Amino acid sequence: MPHVLPKIGSADLTIDEVAARLASEFGGDLVDVRVQEPDTVVARLDRADLKQVARRLRELPEIAYEMLNFVAAVDWLTHLESVYHLYSFAGNTYLELHVEVPRVEPELETVSDVWPSAEWHEREAWDMMGIRFHGHPDLRRILLKDDFVGHPLRKDYVDLVENHPNA
Amino acid sequence: MPSRFETEAPDAAMQLALDRVRASEEAGRGSDMQGLGFNQVVVNMGPQHPSTHGVLRLVVTLDGELVKDVIPVIGYLHRCKEKLAEKRTYYQYIPIVDRTEYLASMNCEWGYVMTVEKLAGIQPTRRAEFIRVIMAELMRIASHQVALGTFTADLAPLGTALVFYMFRDREKILDLLEEASGARMMFNYFRFGGVRYDLPDGWVEKCRELMARMPRLIDEYESLVKDNAVFLQRCIGKGVITQQDVADYGITGPNARASGVPLDLRRTRPYSVYPELDFDVRLGEHGDVYDRYQVRMDEMRESVRIVGQCLDMLPAGPVQAGTLRAPYVIAPPPGECYIGQENPRGEYGTYIVSDGSRYPYRLKYRDPCFCNLQIFPKLLRGNKIADAVAISGSMDMVLGGIDR
C-alpha cells in the first residue's frame, strides 16, 4: 500500500509554534488564536471565510489538517456556534475552529467537499441544532425520524406530542 | 382501511435509492455486466437483520448479486444521550455513559470522566490510574472478542464456532469486572478523581491467573481460523481502506491501524499512565478485511501485556482523590474541553461545554463507529452482497454508540 499520509508527528513542532504558524499564515482570517494544553489550538473564524480557510487548512504545507474529527453545534441562546475539530497527522496536533452562526436563518457553507467525513456530522448538526449547510449533497435528518418537527438540542426546544407524529 | 397487501410508502432513504436508480437508468448506466440485463433491485438490509449486529439498516441497490449503491440509515437506537446530559448533574450522568457504546462501557466512562476531570482540574490518584488502565484493557479484550466472534460467524465456513470460544472466555473477563464494580456490563465504576471501589481481596491474583492463560486462549482462537482456506479467501484483498480514506472519512482505531496508520491515542496523545507502559501499536499492511481481523487479534495480545504490567506496577494508596463526597457537587468553571480516548473501536471523544453550573451545558460525543460507518457506501460498492456482509462485519459496528 502506498504511504500517502505523513508520519505522525513528523513536523516536530511544539504547539506554540503551530499556533504562531497558523496566526501568521491566516492573518486576519483566524482570530483569538490561543493554545489549549496540551495539543490543541483554538481559533475563531468568520462564517464567510469558512470554505476558503478549510481548503487552505487541508492543503497547508508541513502541518496539513487532513482529518476532520467531528463537528459539534452549540446553542448559546444569542447565537449558535459550529465547532470544527481537526487533526493534523504531521503535526500531531488538533485545531478547534469556532464559527458563529446567527439564530435566525442559521446557514453555513458545507465543508463536506473538503473533508468527506463532514457529511454526516453536518447532517447531525442540522438534525439536532437546525443549522443549514449550503451545498451539502444530502442534507436529511440522521438520528431522528424524517417527519420529526423541530431541533431538540436547541435550548428553547419544547417537546410536544405533535413534534413526533407516527411515534 | 388499507389493504393488507399494500406496501408502505418509501421513506426518505428508500426514496433516495430509488431516485438514484432512476437517474442511472435514464443516463443509460444500467448493468455493468455485459450481455446481462439485470434489473436493479433495492433491498432493505436490516434494521432487524442478524448480520448487521444491531439495528443498522442498509438500503442496498443490487444488480444481480453485485452491490451498486448503499445508503446507511441509522437512528433506530437513538436514546437522546446528549439531550439527557442537559438535565443531569455531572455525577448523575456517569451511568448513562455506560449505555452509549455498551460493549466498551469502561472505556466510555473513562473518556467522559477524564474530560470532566480536565475541565474541573481534578487529578485522580495514582492507584486509580492503574486500576483504570486495567479495566479499560480488560474491556478492550472482551470487546475484541465480541467483534471477532460475530465477524467470523458472518463468514459461512466457520459457523458460530469461534463465537462460543470467545464468549466462553469473555464471560471470565466480565466476571472479573463484575467482582470489582458490582455489575456485569453497565459498571458505573469510574468517579471523578478515581474509581468507586478498590479492588476486592484476591482480585489481583485471579486477574493474573487469567492473563497467564490468555495468550494460549488467543492462540486457540487463531488456530481455528488462520489456516482455513475459505476464511482466507473471503478476507484477503476484500474491502480495502486506503490511507487516503482514513484521512478523508476520519477512520480511527483498529480499522485505521489495519491500513498502516499508527493512529493510537494511547501513543499519539498519551493519557493516564500509558507513557510508562511498554506495548506496541500493531499495524496492518494492506487495510483489507484480513488485516482488520489480524490487528484485533494482535491488540488482544498487547492488552494482555498491558494488564500484566499494570498488575505488577499497581501502587498502594487511595482509589479516590479527596473525600468520597466531594464529587457529588462538582461544578467545573466555564469553558470547553475535548478529550479523545482510545476505545476498542477508535477515538471516542467527549466534548463538554460548561457554563459553570452543575449540569453540562452541552455534551457531544465523537463516536468512532459513527465516523467509521460513513465509508460504507464507498467500501461496499462493487462487491458481492455476501462479501458486503463480511466487510461490514470486519468494521465492528456498535449501534449503541452510533445512535447515542
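Modeller: Let's start with strand E6 of chain B, residues 335-343, where 7 of the 9 residues are buried, so to speak a mostly covered strand. Buried here means 20 or more other C-beta atoms within 10 Å of the residue's own, exposed means 12 or fewer, and partly exposed is anything in between, with C-beta atoms placed from the backbone. The element names are DSSP runs numbered from the N terminus: helices are H or I with at least four residues, strands are E with at least two. Keep in mind that this is a predicted model, where local features need pLDDT of at least 70 and side-chain atom pairs count only at pLDDT 80 or more, while totals for chains, interfaces and linings use all residues. Residues are numbered from 1 along each chain as its sequence is written, and chains are lettered from A and ligands numbered from 1 in the order in which they are written.

What does E6(B) pair with? Its partner is strand E7 of chain B, residues 346-354, running antiparallel to E6(B) over 9 bridges; two strands count as paired if DSSP finds at least two bridges between them. One of the pairs across the two strands is B:Tyr338 with B:Tyr351 in E7(B). The link from E6(B) to E7(B) is a hairpin of 2 residues.

Stepping back in chain B, the assignment gives domain 1 (12-73) and domain 2 (123-322 + 372-403), with bounds that come from an automatic or database domain assignment. Taken over C-alpha atoms, the centres of domain 1 and domain 2 of chain B are 32 Å apart. Their contact involves 15 residues from domain 1 and 18 residues from domain 2 of chain B, a contact being two residues whose C-beta atoms, placed from the backbone, lie within 7 Å. On the domain 1 side, strand E3 of chain B (residues 66-73) gives the most, with 7 residues. That side of domain 1 has 8 nonpolar, 4 polar and 3 charged residues. For the classes, Ala, Val, Leu, Ile, Met, Phe, Trp, Tyr, Cys and Pro are nonpolar, Asp, Glu, Lys and Arg are charged, and the others, Gly among them, are polar.

Now over to the other chain. Where chain A touches chain B, 27 residues of chain A and 36 residues of chain B take part. On the chain A side, strand E3 (67-75) and helix H3 (118-129) each supply at least two residues. E3(A) gives the most there, with 6 residues. By class, this side of chain A has 17 nonpolar, 5 polar and 5 charged residues.

E3(A) also belongs to an open sheet of 5 strands in chain A, in the order E1-E2-E5-E4-E3, with mixed pairing. E3(A) and strand E1 (30-36) of chain A are the edge strands, each pairing on one side only. On average, neighbouring strands are turned by 20° against each other, direction ignored. H3(A) packs on this sheet, touching E3 and strand E4 (79-88) of chain A, and its direction makes about 10° with that of E3(A); axes are lines fitted to C-alpha atoms, for helices over the stretch in contact, and angles run from 0 to 180 degrees between N-to-C directions.

E2(A) and E5(A) run parallel, joined by 6 bridges. E5(A) is mostly covered, with 7 of its 10 residues buried. It pairs with E4(A) in the antiparallel sense over 10 bridges, and A:Val83 stands opposite A:His98 in E5(A). The two strands E4(A) and E5(A) make a hairpin with 4 residues between them, and A:Asn92 in the turn has a positive phi of about 50°.
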